[in-house]
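This report looks at how the parts of a structure touch one another. Please view the sequence and the model first.

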Amino acid sequence: MIKFSEIKKSLFISIWFVFLTFPIMVIRVNPIEKVIEWRWHNIMLVGIGSFIISYIWRYLLKRKELGDQKAKSGEEAKISMIREALSNPRVFKMAMFGVGILAVIFPFVFSIYQTNIMITALIYVMLGLGLNIVVGLAGLLDLGYVAFYAVGAYSYALLNFHYGIGFWTALPIGGALAACFGIILGFPVLRLRGDYLAIVTLGFGEIIRIILENWNEFSFGPSGIANIPRPGFFGIELSLNNSITYIYFLMIGLTLLTIFVVKRLQDSRIGRAWIALREDEIACQAMGIDKTKTKLTAFALGATWAGMAGVIFAAKTTFINPASFTVWESIIILCIVVLGGMGSVVGVITGAFILMLLPEYLRAFSEYRMLIFGAILVTMMVFRPGGMISTVRRTYQFKDETAERKR
Amino acid sequence: MKSILEVKNMTMDFGGLRALDHLDLDVAEGEIVALIGPNGAGKTTFFNCITGIYAPTQGDVLLMPPGKKQTRINGFKPNHVTERGLARTFQNIRLFANMTVLENVMIGRHCRSSSGILGAVFRNRKTVSEEQKVVKDSYTILEKIGLTAYVNEFAKNLPYGAQRRLEIARAMATDPFLLLLDEPAAGMNVRETEELDELIVKIRDEEQISILLIEHDMKLVMSLSDRIFVMDYGKKIAQGAPVEIQNNPVVIKAYLGEDIDA
């Protein structure tokens, strides 16, 4: 349906955009020849482009509002095709089987380069799932999550450097150390919520990075630590190719472990307490939940996964330095959680794959990476604030007296 | 009758403002006690002081659970107060909006169950049976309150009256011996209020839970309560049976202002 008023609105928007972008899109000063280029044809492009985009934008927004109204008036919310298909156990099993096969044959079909990208994506899946505990479930906005990742990576690198500790010993140690740091961070921020918490955690992340950068005697400063051994395979030396395949399968295993544990935690008494804490802190305490304990377990359990991911990261790249652990990483991980769907395991996994794999395969557009990234985030937050895949709360069914669970 | 909650000489200062001024109150076993007073009299502050959300500046809150020994709960954290058997609802509904009705009640069972992280991950027999019991107990409570139709509904999607009842169900799940209701009938229509009246009496009679409530609906207060405490400007101005309160000139003055005869 095309309405005149809509076209008028879009027209105004496009004129406004032409005006706004006039200095950058049309005028170009050439300081060498001391002339000004007037690129009038750009006006056309900007005008038409913004006209179309604004029109589509408002059309989608209207459709979304209509959908919200329908949902409110009690009509069945539209369930997406994918979800409906997945709720069928046979289709779900088939899909899982397919994904499983793909995961197993991946390193043998694709090149080492692709496998490496996949490992990175899987590491981010793990990080995303860990942060999901803190942000998605417990509702504590943590912008310094990368600090725990750094703790894990450096604990393996340093323990190996000084004491020759191997990967398999370092993996639990890295996780445990990160959990300790989680608790250390948790204590001072117990009273904080929302923005204040975000600021403090942001500071915490930076503190860790700056310490690593400047304390040369401890962490070798910006030059980092090199020659970190790859994970051992029962003492057998592996070639580079085999070693990467090995790390790949290791990562698959660890990701499955993470999914398993996070899922179980989410459905447990503790998971419920986290969600209650997110929903209403005062009511949660008044219902007998220990706020301190619940928050600290969330921080510690979230950090554990980051610590383990850090150990693997160090083992995979064999070289680490503080530049890998900037705020930007924290933001990416947070984006994975928010974009994928807060609190939803499947959502976070999807988010991690999209945010990690898209930039790799869209290298041709690498100049516009940030632009696309920002555009995706804005669009997502406007149209699907709950993330791509939102959580499904567990439902229970009751048949005369006996309580039976159904997924 | 044996009293189960005794508040002695409680004072609460916020900076220079004295919200509660040497207040005394007691609730006996099996009683329904109402706390009334004009807006801003300090009733909710009083609840917050008892339940540990604020620590009172002065005074004692003594809890005497039937069959257990007395504890002074001043300055206890809210969750510790709840563990000792004092549960409350909130004036402005504070449900866990994005959790289902059943889960809301299950949260109430939190402090009466104990499985931890390892239990959650390995799902050993103890955890599984505890979890099943939590589900069953919660469902039983929903049956008592009459909310079974909404079991798997999000709390935020419930009609207003049902939300208020869910708050009561959630509080009951913590196994209290004394229930503190903060304006349970606020915003309810006449029929819902009548149902609430029946529900509160039922909770008292069948669950042996004593009740202390704040309420503005005088009809409800007068029909329900065994005793009434009246507050104004942080002070207790009257106490007694409903009939006494209705005819107490001090109370009438507090509610209607100086000119009674005008």
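Eleven residues of domain 1 of chain B are in contact with seven residues of domain 2 of chain B, where contact means that the C-beta atoms of two residues, placed from the backbone, lie within 7 Å. On the side of domain 1 of chain B that touches domain 2 of chain B, at least two residues each come from α2 (78–83), β7 (178–182) and α7 (190–207) of chain B. Helices (H or I, at least four residues) and strands (E, at least two) are DSSP runs, numbered from the N terminus. With three residues, α2(B) gives the most to this side of domain 1 of chain B.

By type, the residues on that side of domain 1 of chain B are six nonpolar, three polar and two charged. Ala, Val, Leu, Ile, Met, Phe, Trp, Tyr, Cys and Pro count as nonpolar, Asp, Glu, Lys and Arg as charged, and the others, Gly among them, as polar.

## Domain bounds

In chain B, domain 1 is assigned 1–85 + 176–262 and domain 2 is assigned 94–171; such bounds come from an automatic or database domain assignment. A distance of 27 Å separates the C-alpha centres of domain 1 and domain 2 of chain B.

## Chain A against chain B

The contact involves 26 residues from chain A and 35 residues from chain B. On the chain A side, α10 (240–266), α11 (269–279), α12 (281–286) and β3 (395–399) of chain A each give two or more residues. The most come from α11(A), with seven residues. The chain A side divides into 14 nonpolar, five polar and seven charged residues.

## Basis of the model

This is a predicted model, in which local features need pLDDT of at least 70, side-chain atom pairs count only at pLDDT 80 or more, and totals for chains, interfaces and linings use all residues. Residues are numbered from 1 along each chain as its sequence is written, while chains are lettered from A and ligands numbered from 1 in the order in which they are written.
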